[in-house]
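Let's go through a structure together, one feature at a time. Keep the viewer open while you read.

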Amino acid sequence: MTRTDLIACPECDLLQRALPVPIKGTLRCCRCDAELARNHPDGLEQALALALGALVLLGISNLYPIVGLSVSGTLVQTTLAGAVRVLFHGGMWPLAILVLITTIVMPVLQTVGMLWVLLPLRLGRKPWFAPQVLRLCHQAESWGMTEVLILGLLVALVKLAHIASVVPGVALWSFGALMLVLVGAHTAFDPHSLWVRFSDVRTTGGARPHLEPPIVSGPITAAHCGLLSCHDCGLLTSAHTRDHALACPRCGATLHSRKPASLTRTWALLISAVVLYIPANVLPVMYTSSLFGAENDTILSGVAYLWTSGSWLLAIVVFIASIAVPMLKILALGYLAFSTQFHSTSAPKRRTKIYRVVEFVGRWSMLDIYVITVLVALVQFKALATIQAGPAAIAFGAVVVLTMFAAMTFDPRLIWDEAEHQP
C-alpha cells in the first residue's frame with residue numbers, strides 16, 4: 001500500500017484508504033464522521049462563475065449605502081465602510097477593526113483568492129503562488145461573516161423602524177445576494193482537488209515508497225506510522241524526513257504531530273473569555289440620548305426591547321446568538337479541555353461532534369456587534385437622537401474572538417489519543 005492511497009482524518013488522525021468519491025458525494029471518516037473529500041462535477045467552473053459574481057457584488061455592497069434613516073426631512077445614509085469609520089472616530093477602534101476584517105477584508109481575500117487560482121486554470125495555466133493563496137483562502141474562511149452581517153442588518157432595521165422612516169439602500173439587497181453567491185462558491189470550490197492538481201509531490205519527501213503498518217492493537221493512526229498530516233493541504237509527510245522535517249513539502253505549512261501546547265493555549269483563551277463575558281453582559285453595550293433623555297442598553301435589554309415591540313422571532317434569534325451561544329461555547333470548550341486534560345476515554349465521537357458544533361456556531365455571536373455598528377452609524381441626529389457604542393461592545397467582541405481562537409487551538413485528535421488506549 002503506497003502512502004498516496006492513504007488519507008489521515010484531520011480530527012481523529014485515523015489512516016484510511018482514499019476511496020473514489022461518487023458524483024455529488026462526500027467521503028467521511030469511518031470513525032468520527034469528519035468530511036475528508038467531496039466530488040462536485042464541474043465544481044471549479046461553477047466556483048469561478050460564482051466568484052466573479054461575488055466580486056461584482058462586493059463592489060456594489062461596499063460602494064453604495066446599506067440603509068438610510070429619514071427624520072424631519074433629514075436623510076442619513078451609511079455604507080459599510082462609513083459605519084466602520086464612524087466607530088473608529090468615536091473611539092471604538094478595536095470594534096471598527098473587527099468589523100472591517102470580518103465583513104470587508106476577509107470576504108475580499110476569499111473571493112480574490114479563488115479568482116487568482118481559478119482564472120489561470122480556466123486559461124490552461126498554472127497560477128502563481130498557488131499554495132500560498134490556497135493557504136490564505138483556508139485561513140480566511142473562518143473569519144468571513146457575510147451571512148451574520150445580513151442577520152444583523154435585519155435586526156438593526158427592526159430597531160430603526162421604531163425611530164424613524166427606514167430607506168433600504170442598494171447595498172442591502174446586494175449583500176443578500178452576495179451571501180448566497182459566496183455560499184455557492186465555497187460549496188463548489190474544492191481545495192483538495194486543487195492541491196492534488198498543483199502538486200508534483202506524490203510521496204512523502206522521498207521516504208519509503210510503501211507503508212508497513214505497525215503492530216498495534218486498535219485503529220492505525222498517522223502518528224503510529226510516524227507520519228504528519230498537513231492541516232492546510234492534507235499531505236502525509238514522514239516525521240523522519242530530513243529535507244522537510246518541520247515544513248510541508250507541498251504548501252510550506254509548519255507541521256506538528258499535534259497542535260503545540262494545545263490545551264494550555266485553549267485554557268488561557270477560555271479563561272480570558274470567561275473574565276470578559278461578565279462585563280460584556282453587565283456594562284452598557286449602547287448609549288442612547290434623545291429629547292426624552294438618555295438610556296443605557298445592555299445586550300439583555302436589547303433582547304427585551306425586541307420582545308416587547310412584537311419582534312418575537314428576532315428576539316429569540318438575538319438571545320440565542322448573543323447570550324446563549326457564547327455561554328454554551330465557553331461551557332462546551334471547557335468540557336472538552338477538562339475531559340481531555342484528565343485523560344477521559346468516554347464518548348470520543350460525541351465529544352468530537354461537540355467540537356464540530358462549537359467551530360460552526362462561533363461566528364454567529366458577532367450578530368450584536370453588527371447591529372451596534374449600523375445603529376451607531378445611522379442614529380446621529382445631534383440634538384434629536386444619537387447612539388454611541390458602550391464598553392460592553394468591545395468586551396463582547398473580544399469574547400467572540402477569544403472563543404473562536406480557543407476552538408482553533410484545541411486539537412480534537414487529543415480526544416482520540418486517549419480513547420486508543422482502550423481495547
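This is a predicted model: local features need pLDDT of at least 70, side-chain atom pairs count only at pLDDT 80 or more; totals for chains, interfaces and linings use all residues.

Q: Where does Thr 146 lie, and which residues does Thr 146 touch?
A: Thr 146 lies in helix 5, residues 146-161 (helices are DSSP runs of H or I with at least four residues, strands are runs of E with at least two, and both are numbered from the N terminus). Leaving out residues up to four places away in sequence, Thr 146 touches Pro 107, Phe 175, Leu 178, Met 179 and Leu 182 (contact means heavy atoms within 4.5 Å).

Q: How do I read a sheet? What is the order of the open sheet of three strands?
A: Strands of a sheet pair through backbone hydrogen bonds, either parallel or antiparallel. Here the order is 6-5-7, with antiparallel pairing (two strands pair if DSSP finds at least two bridges between them). Strand 6 (74-78) and strand 7 (165-168) are the edge strands, each pairing on one side only. On average, neighbouring strands of this sheet are turned by 25° against each other, direction ignored (axes are lines fitted to C-alpha atoms, for helices over the stretch in contact, and angles run from 0 to 180 degrees between N-to-C directions). Strand 5, residues 67-71, is joined to strand 7 by four bridges, and Leu 69 stands opposite Val 166 in strand 7. Helix 12 (residues 367-378) lies across strand 5 and strand 6, at about 145° to strand 6.

Q: And two packed helices?
A: Two packed helices are described by the angle between their axes and the distance between the axes. Helix 3 (residues 93-122) packs with helix 12 at about 110°, with the axes 11 Å apart. That makes helix 3 roughly perpendicular to helix 12 (under 35 degrees counts as roughly parallel, over 145 as roughly antiparallel, 65 to 115 as roughly perpendicular, the rest as oblique). From helix 3, Leu 95, Val 99, Thr 102 and Thr 103 meet Ile 369, Tyr 370 and Thr 373 of helix 12.

Q: What are the covered and uncovered faces of strand 3?
A: In a regular strand the side chains alternate between the two faces of the sheet. Strand 3 (residues 25-28) has Gly 25 and Leu 27 on its covered face, and Thr 26 and Arg 28 on its uncovered one. Strand 3 pairs with strand 4 (residues 35-39) in the antiparallel sense over four bridges, and Thr 26 has Arg 38 as its bridge partner in strand 4. The hairpin of strand 3 and strand 4 has six residues between the strands, and Asp 33 there takes a positive phi near 70°.

Q: How many disulfides does the structure hold?
A: A disulfide is a covalent bond between the sulfur atoms of two cysteines. The structure holds zero disulfides (the cut-off is a pair of cysteine sulfur atoms within 2.5 Å). Cys 233 is in no disulfide, and the nearest cysteine sulfur, that of Cys 248, is 3.5 Å away. Cys 233 counts as buried, at 4% relative accessibility.

Key. Residues are numbered from 1 along each chain as its sequence is written. Side-chain values use heavy atoms; hydrogens and water are left out. Buried means under 20% relative accessible area, exposed over 50%, partly exposed in between (1.4 Å probe, protein chains only).
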